[in-house]
Amino acid sequence: MQTDNESQSVNHEDERKIRKSFNRSQRPWAQIRSSDSWGIFKVMSEFVNGYESMAKIGPCVSIFGSARTKPDHPHYKNAEKIAAKLVRHGYGVITGGGPGIMEAGNKGAYEQGGKSVGLCINLPFEQGNNAYIDTDKVINFDYFFVRKVMFVKYAQGFVVMPGGMGTLDELFEAITLIQTKKIGKFPIILFDSSYWGGLVDWLKSTVAQKAHNINIEDLDLITVVDDVDEAVQAIDEFYSNYNLSPNF
């Protein structure tokens, strides 16, 4: 829970960003364009570093979920078990490198001797990188959109644990890229039907059937499970259909 001082600090930081945006709009267009152009090199450097680092790692599964989940929570324990089992089945594990579900995913992979990758980004009011990332697989980002590319480009499947806005963002990014055929139809596993069931029902009844904004078949892109073994089995079965294994 935030203290009054923390709340005031947030308000001051928000105000600073708003004022910076207004000041930016008052600068000459040529000056703004020049500043933005130099920023492209920072973006490029993050892409190059990410590509070079991730290309060496091999087949992985990205695990998404809340940074707020505590180690004694069942979701934490299940994420840890899923990661451990994925490693035993030959996959590495990619997370956002922070606390909560991310820590659980890295811990499960790390303690099984598997590849444990952390795509890290600094966020306010969130502790730094967790201790279970391989030292040579810590990749730091300033830009969310570059980081999301790495999550998707180098994963052969996605396990989505209960989470908040960031988790939803990552989930729908993956679904959209598969739906629009920008990436292959990799498995997307939602863990805990009591958490995700309402969202899936809404997508079906409102977004698909009522508003016709998606095809009902688009929901076949996701699989909802409540069991650790079922989550890993869904990924294994997907690859067995293509006569592939984690050694491809």
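Helices (H or I, at least four residues) and strands (E, at least two) are DSSP runs, numbered from the N terminus. The model is predicted: local features need pLDDT of at least 70, side-chain atom pairs count only at pLDDT 80 or more, and totals for chains, interfaces and linings use all residues. Residues are numbered from 1 along each chain as its sequence is written, and side-chain values use heavy atoms, with hydrogens and water left out.

**Figure 1. His-212 and Lys-181, two non-glycine residues with positive phi.** His-212 lies in the loop between H7 and strand E7 (222–225), and its phi is positive, about 55 degrees, although His-212 is not a glycine. Lys-181 is placed in the loop between H6 and strand E6 (188–191); its phi is near 60 degrees, again a positive value in a residue other than glycine. Most residues other than glycine have a negative phi. Residues are classed as buried under 20% relative accessible area, exposed over 50%, and partly exposed in between (1.4 Å probe, protein chains only). Because its relative accessible area is 61%, His-212 is exposed. Lys-181 counts as exposed because its relative accessibility is 72%.

**Figure 2. The second largest pocket and its lining.** A pocket is defined on a 1 Å grid over the protein atoms alone, as an open set of points where a 1.4 Å probe fits, with protein on both sides within 12 Å along at least five of seven lines; lining residues have an atom within 4 Å of a point. Rolling a probe the size of a water molecule over the atoms shows where empty space is left. The volume of this pocket is about 160 Å³, a volume being the space filled by probe spheres set on the grid points, which are joined across faces, edges and corners. Its lining consists of Phe-172, Ile-175, Thr-176, Gln-179, Leu-203, Val-207, Ile-214, Asp-218, Leu-219 and Ile-222. Two or more of these residues come from each of helix H6 (165–179) and helix H7 (193–210). H6 makes the greatest contribution, with 4 residues. By class, the lining has 7 nonpolar, 2 polar and 1 charged residues, where Ala, Val, Leu, Ile, Met, Phe, Trp, Tyr, Cys and Pro count as nonpolar, Asp, Glu, Lys and Arg as charged, and the others, Gly among them, as polar.

Figure 3. Lys-42 counts as partly exposed because its relative accessibility is 36%, and Asp-142 as exposed because its value is 51%. Glu-80 and Lys-107 form another salt bridge, at 4.0 Å, N to O. Lys-107 counts as buried because its relative accessibility is 19%. In the pair Lys-148 and Asp-169, the closest N and O atoms are 3.1 Å apart. Lys-148 counts as buried, at 15% relative accessibility, whereas Asp-169 is partly exposed, with a relative accessible area of 36%. Salt bridges that share partners join Lys-42, Glu-46 and Asp-142 into one network.

**Figure 4. A nonpolar surface patch that includes Ile-40.** Trp-38, Ile-40, Phe-41 and Met-44 make a patch of about 480 Å². Patches are made of residues with over 30% relative accessible area and no salt bridge; like charges are joined within 9 Å, and nonpolar side chains (Val, Leu, Ile, Met, Phe, Trp, Tyr) within 5 Å. Accessible areas come from the Shrake-Rupley method with a 1.4 Å probe; for residues, only the protein chains shown count as cover. Ile-40 lies in helix H2 (residues 29–54). Ile-40 is partly exposed because its relative accessible area is 46%.

**Figure 5. Buried residues Leu-86 and Ala-83 of helix H3.** Leu-86 lies in helix H3 (residues 74–88) and is buried, with a relative accessible area of 0%. Its C-alpha atom is separated by 8.7 Å from that of Cys-60, 26 residues apart along the chain. Ala-83 also lies in helix H3, and it is buried because its relative accessible area is 0%. Ala-83 and Ala-104 are 7.9 Å apart in space, C-alpha to C-alpha, and 21 residues apart in sequence.

Terms used: A salt bridge is a side-chain nitrogen of Lys or Arg within 4 Å of a carboxyl oxygen of Asp or Glu.
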